[in-house]
Amino acid sequence: DLVTCVSYSPDGRQIASGLFGNGIKIRDSATGTLLRTLDGHKGSVFSVAYSPDGTRLASGSEDETIIVWDADRGTVVEILKGRKGPVSSVAYSPFGTQLAAGFSESTIKIWDARTGDVQQTLKSRAGAVLSLAYSPDVRTLASGSEDGMIEIWDLQTGDLQQTLKGHAGAVYSVAYSPDGKTLASGSKDNAVEIWDCKTGGLLRTLEGHQREVRSVAFSMNGSNLASGSG
């Protein structure tokens, strides 16, 4: 099966992977043993994310829904319907109180993770929303889009705070550094860019990949950045 996305559980013991077609597989990270398969979506799974406490797993799919699973039992807790096209990305806030989803129809929806109520709907000006990341202080949400732009949203007001323009292709992944001072982005243009969160300025461009950069992630102490490419 083609794996479209992966997520470690917060304790590092399990890895969830979303599959092209449908389904999610949960494996033991130490042995690789398949623990369970989660079936519920009616289309490819494009994004998976564990809640910070590890009790929930959210998955976004081509079928325009987000399923929240009980991470231990593998049962469905709730199904959130966006009806804004396929779900390209899902992300929990650092404290697990919110769940955000990016849609192909240039929309971001934010739910209260405890009640399942929609708190905000944000309309991107940059095409399909392909990636999302909360800032560590939960004040802003970064979204990477199809047209190469990154939008920074004020979560208190729902207003667009900044637009970062630098990539020459779709932005497949965004990640805040642990201290929240910088933002990394990976793109279809084969590059990784590092941004100053305070000024919105481009600090540096990292080149080396020969194909599109699909994922970026900071180490826990923020000293290293990993990037995965085609």
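**Exercise 1.** In this predicted model, determine how the residues lining the largest pocket divide into nonpolar, polar and charged.

*Solution.* Begin with the classes: the lining of the largest pocket holds 32 nonpolar residues, 15 polar residues and 1 charged residue. Then locate the centre: 48 residues line the largest pocket, and Val6, Ser7, Val174, Val216 and Ala217 are the closest to its centre.

**Exercise 2.** Identify the elements that give two or more residues to the lining of the largest pocket, and state which supplies the largest share.

*Solution.* Proceed along the chain. Two or more lining residues come from each of strand S1 (3-8), strand S5 (45-50), strand S9 (87-92), strand S13 (129-134), strand S17 (171-176) and strand S21 (213-218). Then compare the contributions: S1 provides the largest share, with 6 residues.

**Exercise 3.** Describe the second largest pocket by its volume, the residues closest to its centre, the strands in its lining and the classes of its lining residues.

*Solution.* First, the volume: the second largest pocket contains about 250 Å³ of space. Third, the strands: at least two lining residues come from each of strand S16 (160-165) and strand S19 (192-196), and S16 gives the largest share, 3 residues. Finally, the classes: the lining of the second largest pocket comprises 7 nonpolar, 5 polar and 5 charged residues.

Methods
Residues numbered from 1 in each chain as written. Predicted model: local features only at pLDDT ≥ 70, side-chain atom pairs only at ≥ 80, totals over all residues. Heavy atoms only, no water. 1 Å grid on protein atoms, 1.4 Å probe; cavity = no way out; pocket = protein on both sides within 12 Å on 5 of 7 lines; lining within 4 Å. Helix = DSSP H or I, 4+ residues; strand = E, 2+ residues; numbered from the N terminus. Nonpolar A, V, L, I, M, F, W, Y, C, P; charged D, E, K, R; others polar. Points joined across faces, edges and corners; volume = space filled by probe spheres on them.
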